[in-house]
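Reader: I am new to this structure. Please take me through one part of it closely, and then show me what surrounds that part.

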Amino acid sequence: MRLSLVIKKENVDLEKQANKLNNFLVLNRSIKLVLTFIILGTFTQIKAQDRVPFDQGKKYILGDVKVVGDISFNPQTVVTFAGLEKGQEITIPGEQISSSIKKLGKLGLFDEIAFYINRIENDSIFLDLNIKELPKISQVKFVGVSKSKTESFIKDNGLTKGKIVTENLITTTKNYIEKKYKKDGFFNTKVNIITSKDTTEINHVNMVVKVDVGDKIKIYKIDFEGNKEIPSKKLLSSMKNTKVKNSINFLKRSKFIEDKYQEDLEKIVSDYKKIGYRDARIVGDSVAYNEKNNAIYIKIKVEEGLKYYFGDVKFIGNTVYSDEGLRSMLGIRKGDVYNGVLLQERIADKSKPDGDDITNLYQNNGYLFSNINAVETKTTDNTIDFEIRITEGPIAYFNKITVVGNDKTNDKVIYRELRTKPGEKYNKAELVRTIREIGQLGFFDPEKIDPKFKNVDSGAGTVDIEYNVVEKGASQIELQGGYGGGGFVGTLGLSFNNFSAKNMFNKEAYHPLPMGDGQKVALRLQASSYYRTYSLSFSEPWFGGKKPVSFSTSFAFSQQYSSNYQTQQIDKSKYINILSLSVGLAKRLTVPDDFFTLSQSLRFQQYDLHNYYYGLFTFANGSSKNLSYNVGLTRNSKGVNPIFPTYGAEFSVTGEFTLPYSLFNGIDYATLGDQEKYKYIYSGVSYVDSNDRVVNSGDYLDKLPSSGTVANKVDHYQDAVADPAKVDQEKYKWLEYYKVQFTGDWFTTLYKKLVLRSLVQFGFLGAYNQDRGVIPFERYYLGGDGMAGSSIDGRQNIQLRGYENGSLTPANSNGDAYGATIYNKFSLELRYPITLKAAASIYALAFAEAGQSYASLSDYQPFNLARSSGVGLRVFMPAFGLLGIDFGYGYDAVPGAIQPSGWQTHFIIGQQF
């Protein structure tokens with residue numbers, strides 16, 4: 001049994017080597033063929049020194065082949081791969097022996113192969129096959145490169161222990177390393193690979209790879225010759241990847257890479273074609289290396305040719321769309337300057353899968369097999385006539401639609417997002433939209449979503465689509481501990497973004513939790529010595545399972561005790577409890593298009609104070625309630641990666657409204673302080689006022705008692721001062737307000753992976769009854785990272801980097817911020833991805849933004865803004881969410897200050913700007 005297993009394993013190894021080196025010729029090695037004829041018996045007339053002609057060999061029966069030499073393979077396996085079999089007829093010398101040597105040589109496993117005649121018995125011949133195996137790697141050592149580079153080179157070239165060392169392996173490894181460094185501008189990198197015998201293992205060698213990286217080669221000059229219509233400076237700007245050495249341009253370093261240089265030459269020609277020079281070409285270029293300066297001088301010779309114009313453009317073969325309709329989409333008129341690049345983009349824009357071009361016009365209407373080409377038909381006096389030749393082909397329909405790779409997510413979660421349905425007419429736009437929808441789920445690596453076309457049958461007019469996805473982590477954990485606010489603060493947060501509620505009672509579904517139905521569950525606990533907060537939320541994106549109606553609900557409870565910041569003493573008899581409940585529905589609309597979502601929710605909050613004094617309230621005992629209705633209309637077309645969108649936009653208009661209680665509760669808030677029940681009644685120790693009258697507990701006063709003045713007794717409540725606590729208790733028994741917000745968020749790819757994000761935000765908090773006034777809750781606090789600590793007033797923190805948290809918020813004379821009722825913010829952000837892998841997505845950014853907040857609408861000045869700019873970094877890891885750091889410089893002074901805000905550092909956890 002052991003022998004059988006060994007044979008099987010060796011056969012697999014041999015087959016792999018044969019497959020890898022099936023083009024290897026035995027002539028590339030020093031393979032020695034020694035045919036020594038030891039003639040016995042009746043063949044004594046043939047002497048050892050005589051040579052037998054190749055075509056006059058004698059036929060024998062192969063008695064056996066004995067494999068000799070130090071080999072690790074099974075001898076019979078070697079004989080089998082040589083194509084020899086005991087008992088077969090063989091001619092010595094002849095083609096069979098030559099063929100056997102070639103077969104073994106092609107395996108790439110042996111250094112020497114030699115056949116010897118062992119003996120001849122009657123008509124049978126016995127051969128010895130003497131082979132010498134190629135050595136194997138024992139260990140590999142790199143000299144001159146970092147540890148990380150070493151690991152990468154070993155992995156990429158398969159330089160693992162036991163790997164067979166061939167000339168091809170050494171050559172390909174050397175070329176691979178040199179090419180890698182050349183891509184980074186190290187044009188003179190030299191690699192030397194040395195092997196030495198390993199005395200500890202038979203037929204093994206140690207490999208030493210010496211890498212002399214050399215200095216990075218810069219381009220010190222690029223000259224153009226023959227360019228008249230386009231200045232050299234503009235041609236240089238067209239060469240995106242081949243730049244002259246410039247200490248100022250740190251974003252694009254100077255280096256010479258041959259394939260990138262060739263691409264840049266093509267871009268130069270394209271620039272000429274854009275302005276009518278169809279025949280422009282590069283007639284010569286030279287790349288000279290100056291060894292002394294370790295730099296390159298490039299000279300490019302251009303032949304511009306004549307300037308051309310568009311003539312007549314005719315459409316041939318179109319039956320579905322009229323000439324007028326196609327001509328309108330083409331957007332090219334007779335007499336326009338010839339632009340070959342524009343012409344190609346209008347026919348088929350390869351840079352935009354969902355571009356507005358003629359090809360997509362057909363592809364989005366079922367014509368998968370359509371073919372459209374522009375053909376020049378006549379050139380007269382620098383005018384070019386074209387025919388747009390269209391082969392429409394039959395209408396195609398989706399046949400089988402499958403998804404593979406979803407190991408955790410259930411099929412229904414993906415299939416309900418697919419826009420391509422079996423039996424429906426083929427539509428490329430719906431295919432592109434499906435890729436976006438799958439990416440927006442957040443359960444798969446958006447960079448690896450790959451729709452594969454299978455069984456494309458033009459005769460039947462059908463096509464199968466197989467969506468290939470790669471799962472990524474969808475759950476996150478937040479575990480923090482630190483010292484702040486006078487005590488230790490601990491936080492535990494768990495977020496499961498692909499939860500399965502229906503399997504909660506299925507033990508077999510716990511891996512470690514029931515997952516796969518696309519539901520979201522979040523639990524967060526935060527506690528310190530003086531407060532604690534618990535929250536739980538759940539959402540189902542397809543409530544009922546049939547339509548894209550999202551259901552969400554949440555619960556939160558907070559308790560905060562009175563504490564002395566200086567002494568850190570806590571009084572648990574004085575506290576505030578905050579209870580929050582919400583429930584909501586969000587429906588995906590079809591009008592104006594299905595990027596729109598209408599969301600609605602109800603939210604209830606209750607504040608209970610027990611002998612708790614807080615700056616937000618003037619009363620220490622009582623309660624305040626808030627019941628609000630939220631409605632929002634959102635259009636989200638961002639794609640395809642929700643962490644790093646490269647196109648699309650998100651617009652949202654939201655409103656939050658409470659009931660207008662003051663319209664029907666019969667309370668006159670303008671005269672509330674004049675009513676007897678809201679007057680201040682003294683409850684302290686008796687004293688004599690300034691009128692020599694004794695003030696006792698239960699008396700009315702003309703003003704509130706304070707340390708600076710003496711309050712006098714009055715006999716009638718009409719003359720008494722109002723009690724702010726009683727007035728506010730009535731005012732805020734049920735909160736009354738409305739809140740309107742707008743957000744516009746655009747993403748535009750500027751060049752390759754460089755993305756511009758443009759953001760506009762506006763918010764306004766108003767009151768139905770001006771006598772009641774704008775509530776001190778739900779206000780805006782502008783400035784900083786938006787990560788301010790816990791608050792009990794429902795405030796909304798608006799990020800504006802370059803300033804401290806909340807520093808751009810209206811404040812009283814003591815410098816205490818009381819919140820804004822209106823704000824606006826503008827932001828521009830350039831983003832560039834470092835890596836977008838599923839394990840960790842990282843991108844760098846540079847930003848410029850401005851914003852301001854105001855106490856009331858009458859103070860609002862939309863363009864009197866606080867400005868800032870800076871740079872930052874974002875890291876998204878599935879297990880921990882989004883993390884980041886920003887360095888922002890505030891150019892303006894905050895309220896109450898004279899000097900600009902200056903440099904500020906912001907740490908980002910779990911949110912984006």
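Which backbone oxygen lies 3.0 Å from a polar atom of the side chain of N227?

Author: The backbone oxygen of I230 is the one, at 3.0 Å from a polar atom of the N227 side chain. Two notes come before the rest. This is a predicted model, with residues numbered from 1 along each chain as its sequence is written, and local features need pLDDT of at least 70. Side-chain atom pairs count only at pLDDT 80 or more, totals for chains, interfaces and linings use all residues, and side-chain values use heavy atoms, with hydrogens and water left out.

pLDDT is the predictor's confidence in each residue, from 0 to 100. Its mean over the protein is 86, and 90% of the residues reach 70 or more. Residues 1-52 have pLDDT below 50, yet this stretch has 70 contacts in the model beyond near neighbours in sequence. A contact means heavy atoms within 4.5 Å. Where pLDDT is low, the predicted coordinates should not be read in detail.

Back to N227. It sits in the loop between strand 8 (218-225) and helix 6 (232-238). Helices (H or I, at least four residues) and strands (E, at least two) are DSSP runs, numbered from the N terminus. N227 counts as buried because its relative accessible area is 16%. Buried means under 20% relative accessible area, exposed over 50%, and partly exposed in between, with a 1.4 Å probe and protein chains only.

The N227 side chain also makes a polar contact with the side chain of S232, at 3.1 Å. A polar contact is a pair of N or O atoms within 3.5 Å; within protein, one must be able to donate a hydrogen and the other to accept it, and residues adjacent in sequence count only if both atoms are side-chain atoms. Leaving aside neighbours within four places in sequence, N227 touches S232, L235, Y272 and E304.

Next comes helix 7, residues 258-274, where D264 has its place. D264 is buried because its relative accessibility is 0%. Its side chain reaches the backbone nitrogen of N241 at 3.1 Å. Beyond four places in sequence, D264 is in contact with S238, M239, K240, N241 and T242. N427 is another matter: 163 residues from D264 in sequence, and 35 Å away in space, C-alpha to C-alpha.

On a 1 Å grid over the protein atoms alone, a pocket is an open set of points with protein on both sides within 12 Å along at least five of seven lines, and lining residues have an atom within 4 Å of a point. Of its 48 lining residues, D349, K350, S351, K352 and P353 are closest to the centre. Helix 12 gives the largest share of the lining, seven residues. By class, the lining has 18 nonpolar, eleven polar and 19 charged residues. Ala, Val, Leu, Ile, Met, Phe, Trp, Tyr, Cys and Pro count as nonpolar, Asp, Glu, Lys and Arg as charged, and the others, Gly among them, as polar.

Key
On a 1 Å grid over the protein atoms alone, a cavity is a set of points where a 1.4 Å probe fits but cannot get out, and a pocket is an open set with protein on both sides within 12 Å along at least five of seven lines; lining residues have an atom within 4 Å of a point.
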